[in-house]
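Hi,

Here is the structure I promised to pass on. Have a look at it first, then read my notes below.

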Amino acid sequence: MEEPSINELPDDLILKIFSLLPMFKENIATHLLSKRWENPWQLVPDVMFDDESYESLVTFLSSVYGSLLSKDRQVLERLHLKLSRNYLDSDISFCVNIAVNRSVRKLRIHMSGKTLKLPSCLSTCVTLKSLILHAVNINVVPPSFRLLSLKSLHLLSVNSSGDETIASFLQVCPVLEYLVVNQTKDDDVMFKVVPPWFCLPSLKSLQLLSVKFSGDESLAKLLEGCDVLDNLGNKRAYVEENHGFVINAPSLEKLNFKDTFSNFLKFEHMPKVIKANIQQHSARYNDPMNLWNEPTVNPECLSTHLEILEWRQYEGTEQERNVAAYVLASATCLKMATFSTRCRNKYHRMLKQLKKLNRVSEICQLVFE
């Protein structure tokens, strides 16, 4: 037998049911009900709710009420919730659940720095491919929470209360391929560091931009047991005020990194990288290149994949020449190596030195700007 539809109930009873729902507006519900036989519900594939816009509220509630009344289960391509006011967790969960019932593909939640209790209904959603969280606090990741189909995740000015909350959140995304973490200098929130044991095995693209750290004791845990060389070549252990990233993503193909807040960066084995953009990093050393030691084994991404190298702000120091010499002598597939400098008075000397370096790739074109 076919399940009865709410649409078959009298208008006054439907209106009473609607009145029990979050964000109920009687005038909007009454108007929509009065038109429901004249104009069949048209469920739009893209819905945005901005609580500072009345027009947006009308459109959103039309979608909510229409989803309840219509037998048409048209896929909801995208839901964007931009919430500046205080809402109950149940209100947000209700809105997300409506989207889940319509097989939502993309979900964006902007909460103006407020705390989001992760809606449990997302754990049952097998259609969600993209999730964007903007200006959101995440305090707890429930043990049963999962995002089994999620491929793309954007964390924009996201804050967490616990040292490993973000790591726990990423861990519930087993097929995640695209991750963006973006914060600006003006953000008050902090992005806590993921622990060094954490690995994202399916991740193919990673973008980390202007990430700010909290500077608390959790940062020391990240670097526990790590030794580095100081400017005199002496080993010293990292201490609490040093903090940064250990990136462990064995399937990573593309990396874009710009960090003006931390002072440490370490890469684990990532043999599939084909494109990487790192030149801005705030390592607090007179010459950050002093941290580099020639690897005993050539990385596979360097020896068999690297085709284009662009080195900005090249200064031609002895250690930089050593790094350049190593890359040019190891990158068998290199097609173009571009070096740019701000030291115009040393231009010709640096160019002459670079031209003398051995290039294992016979087709490599050397460009100096």
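Which strands does helix H9 (residues 347–356) lie across? Helix H9 lies across S16 and S17, and runs at about 165 degrees to S17. Angles here go from 0 to 180 degrees between N-to-C directions, with axes fitted as lines to C-alpha atoms, for helices over the stretch in contact.

Before you go on: this is a predicted model, where local features need pLDDT of at least 70 and side-chain atom pairs count only at pLDDT 80 or more, while totals for chains, interfaces and linings use all residues. Residues are numbered from 1 along each chain as its sequence is written, and side-chain values use heavy atoms, leaving out hydrogens and water.

Now the sheet. It is open, with 3 strands in the order S15-S16-S17 and parallel pairing. Its edge strands, S15 (308–311) and S17 (365–368), each pair on one side only. Helices (H or I, at least four residues) and strands (E, at least two) are DSSP runs numbered from the N terminus, and two strands pair if DSSP finds at least two bridges between them. S15 and S16 (residues 336–339) are joined by 4 bridges, and Leu 309 sits opposite Ala 337 in S16. Helix H8 (residues 318–330) packs on the sheet too, touching S15 and S16 (contact means heavy atoms within 4.5 Å).

Last, the cysteines. Counting a disulfide as a pair of cysteine sulfur atoms within 2.5 Å, there are 0 disulfides. The sulfur of Cys 125 is 7.9 Å from the closest cysteine sulfur, in Cys 121, so that is too far for a bond.

Cheers
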